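Dear colleague,

Please find below the structure I am handing over to you, with its sequence. My findings follow directly after it.

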Amino acid sequence: MDHWQNFSRRDFIKISSLFLAGSAAMSGSAGQAFSRLGQSGSGENGDRIVHSFCEHCFWRCGIAAHVRDGKVYKITGSEHHPLSQGKLCPRGTGGIGLLYDPDRLRHPLIRETKGGKQYYRKASWDEATGVVAEKLYGIHEKYGPGAIAMLHHGFGVSFFKQMFSQIGVNKFSKPSFDLCCGPARQASVLTYGYPSGTPEGFDMKNSKYMIFFGTHFGENMHNTAVQEISDGIRRGAKIVVFDPRFSTIAGKAEHWLPIKPGTDIAMMQGLMHVLISENLYDRSFVQQHTVGFGELWDSVRKMTPEKVAEITEIPAEAIRTVAREFAFNAPAALVHSGRRTNWYGDALQRIRAIHILNALVGNFKMPGGVIDYEKFSLKKPPAGHAHPPYERDVYSRYPFFAQDEPSNSIASHEVIQQAISGEIKALMVYGVNLPETMTLGRKTAIEALQKVDFMVAVDVLPAEVTGYADVVLPECTYLERYDALDAGRKYRTPFVALRQPAVEPMYDSKPGNQIAKMITDKWGIHGAFPATVEEGLDKTLRLNGSSLEEIKKTGVIVRPESDLYRKAGQPLNLKTPSGKIELASSLLRKAGFDAVPHYTPQPEAPEGYYRMLTGRKPMLTFGRTANNRFLGDVATAKENEVWVNAETAARHSLKNEEYVHLKNQAGVVSEFPVKVKVTQRIRPDAVFMVHGFGHTAAKMTWAYKRGASHNQLISRTDIDPAIGSVGFQNNFVTFIKEA
Ligand SMILES: Nc1nc2c(c(=O)[nH]1)N[C@H]1C(S)=C(S)[C@@H](COP(=O)(O)OP(=O)(O)OC[C@H]3O[C@@H](n4cnc5c(=O)[nH]c(N)nc54)[C@H](O)[C@@H]3O)O[C@H]1N2
Ligand SMILES: Nc1nc2c(c(=O)[nH]1)N[C@H]1C(S)=C(S)[C@@H](COP(=O)(O)OP(=O)(O)OC[C@H]3O[C@@H](n4cnc5c(=O)[nH]c(N)nc54)[C@H](O)[C@@H]3O)O[C@H]1N2
Ligand code: SF4
Ligand SMILES: [Mo]
C-alpha cells in the first residue's frame, strides 16, 4: 500500500463534489423496509412515532420522531422522557435539517497522492476500515498504546471506546471537559465529594431566588433547566444576573448587574463578606457540616462591599442587597454553577466560590437549593474482552484533572501538544470539529492534525476536521442508529433512555456500533461486541427487568423521584477527606494551591481593544447545527453579529449593521466580515459574539463564510494549573472597517 507513506504535511482537502453528488438528498431512506426500525406506536394517520433522544446538544432530551412514507417529517418532545417533558428547544425540533442535509458525508473516503497532489478517493467500508485497522495496529505495535489518542464528543463514541479497550488504548479526551464544564465537575468533587452532572444538581423547580453569573439560560437552551426557570418566574421566584451583557435571562431578572468581566471571584467574596459580617449565614449548618470557615473568613474579611464595588464596578449597596435577599430566601435560594465555566485560568476557584456561597446559606440538599440527584444504576453484562480489561491510565499532568472519569484521561490541549511533539502518532477524532473547537488556536490544532502519522475522522458532515483526515468514516446521524443506553446520569427521577433509528441510514453511512465492530474484527479480535447492537441492548435491558421491545414503546424507563432532601441532625457523610463540605479544600492545600478562592485581576485590554466575550444562540449549537438549513433559515440564526456598546461604536464610527473585520491583540484578522450590532445591552469595555460561525469548509455549503469565527480570534489561553482547563476570555479585539 504505497499510498500509505506518512505525509510530512497533510494538506486540507476540500472533499470533492464528485463524492457528494450522486443520489439526491432524502432518496436514501424512502421506500425501505422498516422491520428493524424503532416501533413505538402509531400516530393519527397511521404514521409511526419513534421515541429516541436528541444529539443536538449534550442535554439529550427525549424526542418523538414522526415518520411518514419512510421520512421523518416532524420531531417533537417526548412526553415520557423526564428531560423533555413533552417539549424541545428549537434545535431539537430541527434534527430533520441534519438528517436531510444535502452536504452530508456519503461514503468512506481515503486520502491519496498523485503527481504531488492530494485528494480523496471513494472507498468501500471494507477497505476503509481495513486501512484504519492496519494503521492503528501498526502504530500500536511500534510505539505502544500511548501513541494513539481519541478526541471525542457525542454519545455515539461508546463503541469506539469499547473497540480501543481491546488493545489497551485509553488515551481519551473530551474537549467538553477542559473547554466546557470540567471546572464545574471538579469544583463539586472538591467541595461536596461528588462530580456535578448533566443536568446540574440545582433544585430550580422549587427555588425562590436564583443567582446566575453568566449562565445565560434562554440563549443556552438546556431544555429542562429553561422549563424550570420559566415555571419559577411564573411562581414568582426572583432572578439575579451578573453579566456584562443584558442577556435574555437578564431581561427576566429582578436585578441585572453588569459586572466588569473577569471580576466575579471578587464579587463572590464580597457576597460572602456580607453574609458573614452581617451574620446572615446559616451558622448551625456551617458548624455541623462544613470545614474551613475560619480560613474562609480570613480570606474575605477585607473584601468589603466598598472594596468589591471598586473592582467589579457594581455599587456596594447592590452587593449588600443581593446578599441579604439571598440569605432571606435561603434555603430555597441558590447560585448556579453554569456550564461553560472556563472563562479565565481560575475557573476551578470561581466555581468553588459559588459552592461556598451555597454552603454558607445551608441550602445543601434542601428544597430549592443544591441537590445530588440519583442514577438509575443499570446492571450491565460484563463487557466482552479478548483478554482481561486493561488498567485505566491517567495521562494528564494536572493534579485535579478528572481522575475518575474513564472517558477522559487527558486534556484536549495536552493531546494537541503530544501530537505536535510526536508522542502521539495516531489520532481518531469522533464528533469534534477540532480546527473550530480547540482553543489553543486554530493554527495549533491544524498543526497537530498535520503532524500525526495517521488521522481518522468519524463525522456526519464535511466539517473542517474531516479535511485533514487520512480516512473519513461517515457515521449516520442519531436519527438512523441505535447507540448505547443513556443510563449514567443523575436526575430527580432516575431514568434509562434508548436511542433507536427512526429511518434506515442514508447513503453509504453506517452507525458507529458497526464501524467499531468492523475495525475490531479486522484486528482479529472477536467477541468484544454482541452479534448485533439490538442483541446487546436487549440483554442489558433484560438484566434490569425490561427488554428492547418494551423500552422501544416510550424510549425510557423512569423510576419515581427518590428522597432528595436531608433530614435535620443527620451527618452528610460526604466523600471529601473530612466527610463534610470543604469551604477550605484540604486536597487543594495539600497539592500547593489556595485552599479558599482568592481574587486575582485579569489583564486589561490594550487601548482601543475590547474584551471578546462569547455565548450561544437559541437556534444553534456550533458545528452541530451550523449547516442546518432548517434551523439556519431564520434571520437571527443566519450569521453571528458582534455586539458593540453605542459609546464604543461612536468612538470607532461604527454604524449598526455595518460589516467589519475583527483584529485581535496578536494581530489576527477575522477571515470573514461580521455584522455590527450597536446596542446599550453590553458594557463599553466588552464585545460579544456567538461561537460556531465563520466556517471555512466550502463543502458545508450553508455554513461556509457566514459570520466570523470566534475560535480564529483566540491567540491567548489561560490554563487552570489545578485541572488543566482552558480559559480564553483574555482575548481582545478591535475593528477594521471594510475598504
Ligand atoms: N472558540 C470557542 N471554542 C469553543 C467554545 C466556544 O465558545 N468558543 N465552546 C467550547 C464548548 S462549551 C464545547 S461543549 C465544545 C464543543 O465542541 P465540539 O463538540 O467539537 O463542537 P462542534 O463544532 O459542534 O463539533 C461537533 C462535530 O461533530 C459532528 N457530529 C454531529 N453529529 C454527529 C454524530 O452523530 N456522529 C459523529 N461522529 N459526529 C457528529 C459535527 O459535524 C461536528 O463536526 O467547544 C468548545 N470550544
Ligand atoms: N441554544 C444553545 N444552547 C446551548 C448551546 C448551544 O450551542 N446553543 N450549547 C450548550 C453548551 S455546550 C454549553 S457549554 C452551554 C453554555 O452556556 P452557559 O454555561 O450559560 O455559558 P456562559 O459562558 O456561562 O454564558 C455566556 C454568558 O456569560 C457572560 N459572560 C462572559 N464573561 C463573563 C464574565 O467575566 N463574568 C460574568 N458574570 N459573565 C460573563 C456572557 O456575556 C454571556 O451572556 O450552553 C449549552 N446550551
Ligand atoms: S436542549 Fe435542545 S438541542 Fe439539547 S438535547 Fe434538548 S432538545 Fe436537543
Ligand atoms: Mo459546552
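**A buried histidine**

The side chain of His695 makes a polar contact with the side chain of Glu464, at 2.9 Å. Please note that this is a predicted model. His695 belongs to the loop that runs between strand S23 (686-690) and strand S24 (718-719). Its relative accessibility is 2%, and His695 therefore counts as buried, the cut-off being under 20%. Apart from neighbours within four places in sequence, His695 is in contact with Asn433, Glu436, Glu464, Ala626, Phe672, Met700, Ala703, Tyr704, Lys705 and Arg706.

**The chain as a whole**

The chain has 23 helices and 26 strands. For its 739 residues, a compact globule would have a radius of gyration near 27 Å, and the 25 Å of the chain agrees with this. The C-alpha trace spans about 75 × 70 × 55 Å along its principal axes. Of the 739 residues, 63% are buried. Among contacts with a separation of 6 or more, 75% are between residues 24 or more positions apart. The chain exposes about 26500 Å², and carbon and sulfur atoms supply 52% of that area.

**Ligand 1**

There are 27 residues around ligand 1, and those that come nearest are His153, Thr437, Asp459, Glu475 and Asn711.

- Val458 has a polar backbone atom 3.1 Å from a nitrogen atom of ligand 1.
- Gly623 has a polar backbone atom 3.1 Å from an oxygen atom of ligand 1.
- Arg624 has a polar backbone atom 3.0 Å from an oxygen atom of ligand 1.

Taken alone, ligand 1 exposes 920 Å², of which the protein buries 98%. Which elements each supply at least two residues of the shell around ligand 1? They are helix H6 (175-192), strand S14 (454-459) and helix H21 (622-625). The largest share, three residues, comes from H21.

**Ligand 2**

Ligand 2 is surrounded by 31 residues, the closest being His216, Asp243, Asp264, Lys617 and Leu620.

- His216 places a polar side-chain atom 2.7 Å from an oxygen atom of ligand 2.
- Asn220 has an N or O atom of its side chain 2.9 Å from a nitrogen atom of ligand 2.
- Leu620 has a polar backbone atom 2.4 Å from a nitrogen atom of ligand 2.

On its own, ligand 2 has 920 Å² of accessible area, and the protein covers 99% of this. The shell around ligand 2 consists of 13 nonpolar, nine polar and nine charged residues.

**Ligand 3**

Which residues surround ligand 3? Its shell comprises Cys54, His56, Cys57, Trp59, Arg60, Cys61, Leu88, Cys89, Arg91, Gly92, Met221 and Asn223. Seven of the residues in this shell are nonpolar, three are polar and two are charged.

Helix H5 (residues 158-165) is largely enclosed by the rest of the structure, because six of its eight residues are buried. The buried residues of H5 are Phe159, Phe160, Gln162, Met163, Phe164 and Ser165.

Gly262 is found in the loop between strand S10 (255-257) and helix H8 (264-277). With a relative accessible area of 9%, Gly262 is buried. When residues up to four places away in sequence are not counted, Gly262 touches Tyr344, Tyr599 and Gln602. Gly262 and Thr734 are 472 residues apart in sequence, and the distance between them is 19 Å, C-alpha to C-alpha.

With kind regards

Methods
Residues numbered from 1 in each chain as written. Chains lettered and ligands numbered in written order. Predicted model: local features only at pLDDT ≥ 70, side-chain atom pairs only at ≥ 80, totals over all residues. Heavy atoms only, no water. Near = heavy atom within 4 Å. Nonpolar A, V, L, I, M, F, W, Y, C, P; charged D, E, K, R; others polar. Helix = DSSP H or I, 4+ residues; strand = E, 2+ residues; numbered from the N terminus. Rg over C-alpha atoms; globule rule 2.2 N^0.38 Å. Buried < 20%, exposed > 50% of the residue type's maximum accessible area, 1.4 Å probe, protein only. Contact = heavy atoms within 4.5 Å. Areas by Shrake-Rupley, 256 points an atom, 1.4 Å probe, with all protein chains shown as cover. Polar contact = N/O pair within 3.5 Å; in protein donor to acceptor, adjacent residues only side chain to side chain.
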